[in-house]
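Subject: Structure handover

Hello,

Here is the structure we talked about. Please open it alongside this note; what I found follows below.

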There are 2 protein chains.
Amino acid sequence: MAMQMWELAGAEADRLFSPYCWRIRMALAHKGLKAETLPWRFTDTEKIAFSGQGLVPVLQDGDQVVHDSWAIAEHLEGKYPAKPLFDSAQAKSLAFVFKTWVETTIHGPIFRAMVLDVFNAIHEKDKAYFRQSREKRVGMTLEQFGSDPKKGVADLRTALLPARKQLVQEPYVCGKAPGFADYILFGAFQWARALSPQRLLEPDDPVFAWREKMLDLHGGLARKAKGYEVWT
Amino acid sequence: MAMQMWELAGAEADRLFSPYCWRIRMALAHKGLKAETLPWRFTDTEKIAFSGQGLVPVLQDGDQVVHDSWAIAEHLEGKYPAKPLFDSAQAKSLAFVFKTWVETTIHGPIFRAMVLDVFNAIHEKDKAYFRQSREKRVGMTLEQFGSDPKKGVADLRTALLPARKQLVQEPYVCGKAPGFADYILFGAFQWARALSPQRLLEPDDPVFAWREKMLDLHGGLARKAKGYEVWT
């Protein structure tokens with residue numbers, strides 16, 4: 001039986017934008033695996049209640065149900081060890097450090113830059129939930145939080161330095177070939193690409209050239225996905 | 001012939017405080033190698049001119065001279081591959097990302113917290129150079145920059161989150177055993193320990209427990225070094 005994955009979608013069912021789901025879309029392709037996408041919205045809590053929690057991605061793999069992008073990566077690595085996402089135990093530990101770095105340092109500025117684009121792109125039925133939960137999280141209205149997108153872009157470019165210095169010397173975050181840490185960082189850019197026409201990177205940025213390579217990986221999976229092309 | 005390493009020292013020759021040198025002290029011990037320490041001060045530029053630049057650590061290994069802590073780690077890994085610092089190519093790439101993260105996110109708050117302690121501890125002949133170069137770098141006087149050490153400590157604790165989340169689940173940054181990424185982060189704490197009596201971490205912080213383990217590694221090399229014990 002083919003795998004199935006619940007993935008966050010916008011107003012259109014094929015506007016897949018969760019950075020966490022994109023990690024797994026890329027990881028599945030990395031391993032040559034396929035999963036049917038089941039579009040999911042923030043308020044579809046009952047649809048994934050069987051997973052015991054309320055967030056996507058949720059992967060159904062035979063009789064196994066796995067949620068949380070890191071747990072899914074571990075599941076895939078254990079069950080389908082060919083074409084590994086981590087090439088050693090130390091690499092996996094350092095990818096976990098990298099994951100928290102991306103989530104605390106990279107996601108924030110991107111969200112600030114595009115929060116109003118996100119609000120516009122999500123499904124109508126999600127808007128009240130999104131506004132309420134995110135305004136509570138950031139402590140102000142979405143309009144206030146999103147009033148200076150250029151600051152978000154500038155902060156992002158500064159925050160990317162640890163990745164940028166690596167990408168000057170090797171083609172991928174993980175070295176000569178992409179690994180899960182690449183998919184973690186790339187998920188943040190696919191989130192932006194799906195929802196916002198804003199230019200996050202300049203073409204002379206080594207991170208830009210890396211993102212181009214990531215868009216082309218696995219038959220252009222990410223480039224073919226619904227999103228904005230202004231920055232490609 | 002034994003290796004020799006030029007290492008940054010304070011007023012006392014055995015107050016070794018460079019975070020970059022500490023990476024290599026720990027890496028040498030990790031591999032069971034020894035190097036004679038040659039104390040060096042900021043203004044001893046002529047003493048290491050043979051290395052073609054003006055910063056320590058500089059390692060003399062037979063007829064090979066290597067400078068820059070990352071280049072020295074690569075040199076050691078290539079020439080003495082037993083007891084590796086990196087357990088795979090991906091781990092090495094991710095450790096390089098981690099290195100820039102430490103240097104841009106962790107060193108800054110520590111320096112802000114203890115800049116006046118640093119100034120007090122360095123050699124008299126270094127003080128004019130240190131004041132001038134650091135005041136130019138931070139754009140204010142040392143006294144202004146160091147006027148709120150508690151903010152430095154608070155910023156450090158926030159910035160440590162990516163390491164902290166890893167250290168909740170595994171004993172070391174690199175997993176079950178320490179690797180070069182551990183030495184990179186630990187170097188920042190040894191820099192502080194050598195120079196400042198300030199308490200950077202609370203005992204209930206998982207990073208505190210990790211630092212204790214690091215102090216005990218390799219026969220207690222780091223704990224035996226000259227420094228303050230208020231936080232141990």
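Into which domains is chain A divided? There are two entries: domain 1 covers 3–79 and domain 2 covers 89–224.

Before the details, a word on confidence. This is a predicted model. Chain A has a mean pLDDT of 97, and 98% of its residues reach 70 or more. For the complex, the predictor gives an ipTM of 0.97 and a pTM of 0.97.

Between the domains of chain A

The C-alpha centres of domain 1 and domain 2 of chain A are 18 Å apart. In contact across this boundary are 23 residues of domain 1 and 30 residues of domain 2. Together the two domains of chain A bury about 2500 Å², and carbon and sulfur atoms give 71% of that. Three residues stand out on the domain 1 side. R23(A), M26(A) and W70(A) supply 31% of the area that domain 1 buries against domain 2, more than any other three residues.

In one salt bridge, the side chains of E74(A) and K92(A) meet at 2.7 Å, N to O.

The largest share, ten residues, comes from α1(A). By class, this side of domain 1 has 13 nonpolar, four polar and six charged residues.

Between the chains

Now the interface of chain A and chain B. How many residues of each chain are in contact? The count is 28 residues of chain A and 28 residues of chain B. The two chains bury about 2300 Å² between them, with 64% of it on carbon and sulfur atoms. On the chain A side, Q90(A), L94(A) and V97(A) supply 27% of the area buried against chain B, more than any other three residues.

Zero salt bridges are counted between chain A and chain B. Polar contacts do occur: the rule finds seven residue pairs across this interface, both partners at pLDDT 80 or more. Look at α3 (89–121) and α7 (161–169) of chain A, which each supply at least two residues of the side that touches chain B. The largest share, twelve residues, comes from α3(A). The side of chain A that touches chain B has 16 nonpolar, nine polar and three charged residues.

Backbone points to check

A cis peptide bond joins V56(A) and P57(A), with omega about 5°. P57(A) sits in the loop between β2 (35–40) and β3 (58–61) of chain A. In chain B, a cis peptide bond joins V56(B) and P57(B), again with omega about 5°. P57(B) is placed in the loop between β2 (35–40) and β3 (58–61) of chain B.

One more backbone angle is worth a look. D68(A) has a phi near 85°, a positive value in a residue other than glycine. D68(A) lies in the loop between β4 (64–67) and α2 of chain A.

Best wishes

Methods. Residues numbered from 1 in each chain as written. Chains lettered and ligands numbered in written order. Heavy atoms only, no water. pLDDT = per-residue confidence, 0-100. Contact = heavy atoms within 4.5 Å. Buried area = accessible area lost by both parts, 1.4 Å probe. Salt bridge = Lys/Arg side-chain N within 4 Å of Asp/Glu carboxyl O. Polar contact = N/O pair within 3.5 Å; in protein donor to acceptor, adjacent residues only side chain to side chain. Helix = DSSP H or I, 4+ residues; strand = E, 2+ residues; numbered from the N terminus. Nonpolar A, V, L, I, M, F, W, Y, C, P; charged D, E, K, R; others polar. Domains from an automatic or database assignment.
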